[in-house]
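Colleague: Please take a close look at the charged side chains of this model and how they pair. One connected account will do.

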Amino acid sequence: METDSKNYEFPYLLPPSIPESEVLMYSRKLSKIIEDTGGKIRHTEEPKKGKLAYEIKKERNAYFGWTTFAMAPNAIALLEKKLKGENLLRFLIVGEEETQVRPQILRTIPSRPAPTHIPAHRPEGPEKPEEKLDLEALDKKLEEILGK
Amino acid sequence: MLQQEQKQCYFCTTNRDVIDYKDGEMLRKFMSSQAKIYPPRKTGTCAHHQRQLARAIKRARFLAFVPYTTR
C-alpha cells in the first residue's frame with residue numbers, strides 16, 4: 001500500500017468571500033479531507049490572495065493555495081469526488097514531477113565557428129602566382145579560340 | 001538571414017527541470033498578447049521543454065493564472 005502511493009500536487013482556488021482569518025482553517029480542512037482519504041500530506045502552502053486572469057463564478061480575486069501529498073492512485077477519484085462538494089472555485093490534482101534542483105550551471109554557448117572566409121582573403125605568397133598563371137593560361141586559351 | 005544567432009532553450013540554460021504552472025508571469029513570456037502559446041521557432045525552446053511548457057500553460061489557464069484569451 002505504502003509502496004504504490006504516488007506524489008500529487010493539489011492546487012486550489014478559494015472564493016474571496018471567505019474572511020482572511022478563516023482561510024487557514026479552510027486549508028486545514030482540505031488537508032484533513034486528503035488525510036481521511038488515505039493521503040499523506042507532504043507540504044502545504046497557505047492560501048494567498050491573488051488576482052485571477054478571468055472571472056470564475058463572477059469572482060475576479062481568489063485565494064490560491066496548494067498542497068502536495070502522497071496517495072495511492074486508486075484513491076484519487078474518491079478524493080476528487082469529495083473535493084467537488086467543497087466550497088472551492090477551482091481545484092486540480094496533478095501528478096508531481098520530480099523536482100531536482102540542480103545548481104545553476106550556465107551552458108557554454110557553442111560559439112559559431114570562426115568565420116572561415118577571412119583567411120582566404122589574406123594574401124598568401126604561394127597562392128597568388130598560381131592564380132596569375134591560371135589567368136595567363138586562360139588568356140592564352142581565349143586568344144587561341146578568338147584567333148581561330 | 002533574420003535570425004543570425006541560434007537562440008537557446010530558456011529552460012535548458014536556466015536548468016529548470018520542471019516548468020512551474022504557478023509562475024504565471026514566466027509563462028506569459030512564452031505567450032502572445034492574445035495569450036496564444038508561441039511556437040518554439042519563435043522562442044527557441046527545445047522540443048522537450050516545449051511539451052512541458054504547453055502542459056504548464058494549460059494548467060495555469062485552468063487555474064486562472066494566465067488567460068485563455070484576451071479581448
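Modeller: **Salt bridges and charged surface**

The side chains of Lys22(B) and Glu9(A) form a salt bridge, with N to O at 2.3 Å; the term stands for a side-chain nitrogen of Lys or Arg within 4 Å of a carboxyl oxygen of Asp or Glu. This pair runs between chains, from Lys22(B) in the loop between α1 (10-13) and α2 (24-28) of chain B to Glu9(A) in strand β1 (residues 6-14) of chain A. Helices (H or I, at least four residues) and strands (E, at least two) are DSSP runs, numbered from the N terminus.

The model is predicted: local features need pLDDT of at least 70, side-chain atom pairs count only at pLDDT 80 or more, and totals for chains, interfaces and linings use all residues. Residues are numbered from 1 along each chain as its sequence is written, chains are lettered from A and ligands numbered from 1 in the order in which they are written, and side-chain values use heavy atoms, with hydrogens and water left out.

Lys22(B) counts as buried at 19% relative accessibility, and Glu9(A) counts as buried at 8%. Here buried means under 20% relative accessible area, exposed over 50%, and partly exposed in between (1.4 Å probe, protein chains only).

Lys22(B) also meets Asp20(B) in a salt bridge, at 3.4 Å from N to O. Asp20(B) is partly exposed, with a relative accessible area of 31%. Through shared partners, salt bridges join Glu9(A), Asp20(B) and Lys22(B) into one network.

Within chain A, Glu86(A) forms a salt bridge with Lys29(A), and their closest N and O atoms are 3.3 Å apart. Glu86(A) lies in the loop between α2 (76-84) and β4 (90-91) of chain A and Lys29(A) in helix α1 (residues 23-36), so this pair ties together parts that are 57 residues apart in sequence. Glu86(A) is partly exposed at 21% relative accessible area, and Lys29(A) is partly exposed at 42%. Over all chains, the whole structure has 5 salt bridges.

Glu136(A), Asp139(A), Glu143(A) and Glu144(A) form a negative surface patch. Patches are made of residues with over 30% relative accessible area and no salt bridge, like charges being joined within 9 Å and nonpolar side chains (Val, Leu, Ile, Met, Phe, Trp, Tyr) within 5 Å. Asp and Glu count as negative, Lys and Arg as positive, while His and the chain ends are not counted. Glu136(A) is placed in helix α4 (residues 127-147) of chain A.

Note on methods:
Areas by Shrake-Rupley, 256 points an atom, 1.4 Å probe, with all protein chains shown as cover. Charge placed at Lys NZ, Arg CZ, Asp CG, Glu CD.
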